[in-house]
Amino acid sequence: MTEQDFLTVTDSRTGQDYKIPISDGTIRSTDLRKIRVSEKDHGLTSYDPGLFNTAVARSQITYLDGEAGVLEYRGYPIEQLAASASYLEVAYLLIYGHLPSEPELASWSEDISMHTFVHENIKNFMQGFRYDAHPMGMLLASVGALSTFYSDANSWDDPESIQLHVRRLIAKMPTLAAFAHRHNLGQPYVYPDNELSYTANFLSMLFKMSERHYTPDPRIERALEVLFILHADHEQNCSTTAVRVVGSSHADPYSCVAAGIAALYGPLHGGANEAVLKMLVKIGDISNVPDFIDGVKNGKQRLMGFGHRIYKSYDPRARLIKQAADDVFEVKGTSPLLRIALELEKRALEDEYFVSRKLYPNVDFYSGLIYQALGLPQEMFPVLFAMARTSGWVAQWLEMIRDPEQKIARPLQVYTGDRGLEYKPLSSR
Ligand code: ACO
């Protein structure tokens, strides 16, 4: 039997000592409630806006060590998955907790292909958006609308229904994402081609014109697959927390994923790669890089795509994305913006300002350049992120609904407003 570790606290208000058990490097915040000044006192509460230092779940999905630059899905290093796995294999791993066997992967891939089509009314629903509607808004609304198409949407506790929800969400997301893109272009929506792989089918729905059969360049297909793998999960980030919080009320999984998309829509979460592209365009020429770096050091602007709340060394995803970028540019030709990005990275990594603050390229530094090279507009960047992240959201949602410790999310507040005011009629205000 291991000896229990404790945190010993003395409350200076009462002089009383408390022993709070420590397990897995955490204390239970409800244990703080025992620390009271009187019988009537609600007990001590931790104040944590933005949940900086609060673990909200015990999770077995994604391991992240920001200091060491380590990212693992279900224990497998991201580098190995990006080198050898397919996106659907990784989605299976995240959702079911183990790498699929050959028959498991074949049946899972077949199942996903069987669910790629959406009801014609969903297509009609999307056609109702203005020609210039943001594709992320269209994705958010249409995923939310999916719940109204399935009578079992609310059967979140029925194992068979759950299997269907999981497959539908993974399978239909590329269809909805591609429809949103075609809508913006005013081009007819392209139906799924179930002969193609998950990623090739997505490219076909995005770019197919009059050709009988669309076959993407395998280097482009693989580069996109790698990007999807790198974005598939990132533990308890803003959008995943949104999925879990909405799911904690037992909302249907389509609404939960729509909540994740809504969170990812925000520029602080899903929009940084777009900001990188704007920055590169603004710099304009490689000769302007030194001045731009000086401006960053003088606090005039930030070097977008650098720095991360968790990673304090090279973001492992950024290194892998750089390789994918090389493959895409080999097919599509080099972008002048890539030369600026490479020069920025080189200079920043040699500069004391960035080195001392542990600022390294993050996942967004190169991903926007890749999407742009593929011919996608900036508005589509977060849509691709959402598509890839769906497997992570679904895995996290499943883990949450199966965890007996999870309750409906209901944080507390420190009330700082008025009390007991007397209502005055309109005429006397
Ligand atoms: N360029 C220049 N200086 C920076 C940058 C940057 N990109 N990021 C941080 N710093 C500096 C800060 O000015 C600060 O310096 P100081 O100590 O002299 O005041 C120091 O580094 C620490 O910065 P914080 O803002 O405290 O770090 P935090 O962890 O809060 O921020 C963040 C992380 C928001 C990602 C930040 O690095 C940033 O704004 N980066 C650019 C935007 C970006 O690329 N976002 C994508 C993140 S990845 C993702 O969300 C998928």
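In helix α14, the residues L337, L338, I340, A341, E343, L344, E345 and A348 are buried, meaning under 20% relative accessible area with a 1.4 Å probe and protein chains only. This is a predicted model in which local features need pLDDT of at least 70, side-chain atom pairs count only at pLDDT 80 or more, and totals for chains, interfaces and linings use all residues. Residues are numbered from 1 along each chain as its sequence is written, and side-chain values use heavy atoms, with hydrogens and water left out.

**Helix α14**

- The 15 residues of α14 (residues 336-350) should span 21 Å at 1.5 Å a residue, which agrees with the 22 Å between the end C-alpha atoms; the expected span is 1.5 Å times one less than the number of residues.
- Helices are DSSP runs (H or I, at least four residues), numbered from the N terminus.
- The cover over the buried residues of α14 includes α11 (272-283), α12 (289-297), α13 (316-332), α15 (352-356) and α16 (364-373).

**Ligand site**

- There are 18 residues around the ligand, of which R302, L303, G305, F306 and R309 come nearest; a residue is near if one of its heavy atoms lies within 4 Å.
- The shell around the ligand comprises eight nonpolar, five polar and five charged residues, with Gly counted as polar.
- A backbone N or O atom of G305 lies 2.8 Å from a ligand oxygen atom.
- The protein covers 67% of the 930 Å² of accessible area that the ligand has on its own, by the Shrake-Rupley method with a 1.4 Å probe.

Definitions and conventions
A polar contact is a pair of N or O atoms within 3.5 Å; within protein, one must be able to donate a hydrogen and the other to accept it, and residues adjacent in sequence count only if both atoms are side-chain atoms. Helices (H or I, at least four residues) and strands (E, at least two) are DSSP runs, numbered from the N terminus. Buried means under 20% relative accessible area, exposed over 50%, partly exposed in between (1.4 Å probe, protein chains only). Contact means heavy atoms within 4.5 Å.
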